Amino acid sequence: MNKKIIVINGTGGSGKDTFVEYVSKYAKVYNFSSVDKVKEIAKLIGWTGTKTDKDRKFLSDLKKLTTNYNDMSFVSIKEAIKKFNSSDDEIMFIHIREPEEIQRVVDKFSAKTLLIKREGLKIIGTNSSDANVENYKYDYTIINTTLENLDKSALEFVQNLK
């Protein structure tokens with residue numbers, strides 16, 4: 001399999017991490033989040049790792065600040081892709097919420113995009129990052145109904161990429 005870069009998105013609780021875990025049963029996976037460095041900074045200034053609406057807004061705002069200041073998130077994405085390209089991993093998942101940043105990764109790295117949806121979950125509207133999850137035209141959409149079906153979807157996804 002040629003290396004594939006997939007931008008993955010979905011509202012909180014939709015099953016993104018579980019999907020990536022299932023895909024890793026069928027292919028070598030490199031998993032990365034565009035907000036990892038933001039979370040590191042947030043912890044230095046008191047964020048405890050919780051994901052309340054207040055926390056989500058704080059992380060979203062902090063990501064915007066660091067993007068405006070030195071494009072930190074995109075720089076970290078480029079570094080992660082460089083590591084992925086020199087590894088034996090086959091699929092890289094990059095978790096990104098913001099449509100503009102998704103498009104930058106698609107344009108620069110020919111990435112494909114994937115939305116994970118779960119019936120009954122509301123879009124989180126308390127911050128612009130979460131509120132815009134579905135405001136992008138994704139290449140793939142997977143509906144998470146059960147863990148068994150999500151696992152089947154992961155296998156089919158890998159087979160389609162090959």
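Phe19 and Phe157 are both buried, where buried means under 20% relative accessible area, exposed over 50% and partly exposed in between, with a 1.4 Å probe and protein chains only. The structure is a predicted model, in which local features need pLDDT of at least 70 and side-chain atom pairs count only at pLDDT 80 or more, while totals for chains, interfaces and linings use all residues. Residues are numbered from 1 along each chain as its sequence is written, and side-chain values use heavy atoms, with hydrogens and water left out.

Aromatic pairs were assigned to rings of Phe, Tyr and Trp (its six-membered ring) with centres within 6.5 Å; planes under 30 degrees apart count as stacked, over 60 as edge-to-face and the rest as tilted. In one of them, the ring centres of Phe19 and Phe157 are 5.6 Å apart and the planes stand at 75 degrees, so the pair is edge-to-face. Phe19 belongs to helix H1 (residues 16–23) and Phe157 to helix H7 (residues 147–161), so this pair ties together parts that are 138 residues apart in sequence. Helices (H or I, at least four residues) and strands (E, at least two) are DSSP runs, numbered from the N terminus. Ring pairs also link Phe19 and Phe157 with Phe93 and Tyr140 in a cluster.

The rings of Tyr136 and Tyr138 have centres 5.2 Å apart and planes at 65 degrees, so they too form an edge-to-face pair. Tyr136 is buried, at 17% relative accessible area, and Tyr138 is buried at 11%.
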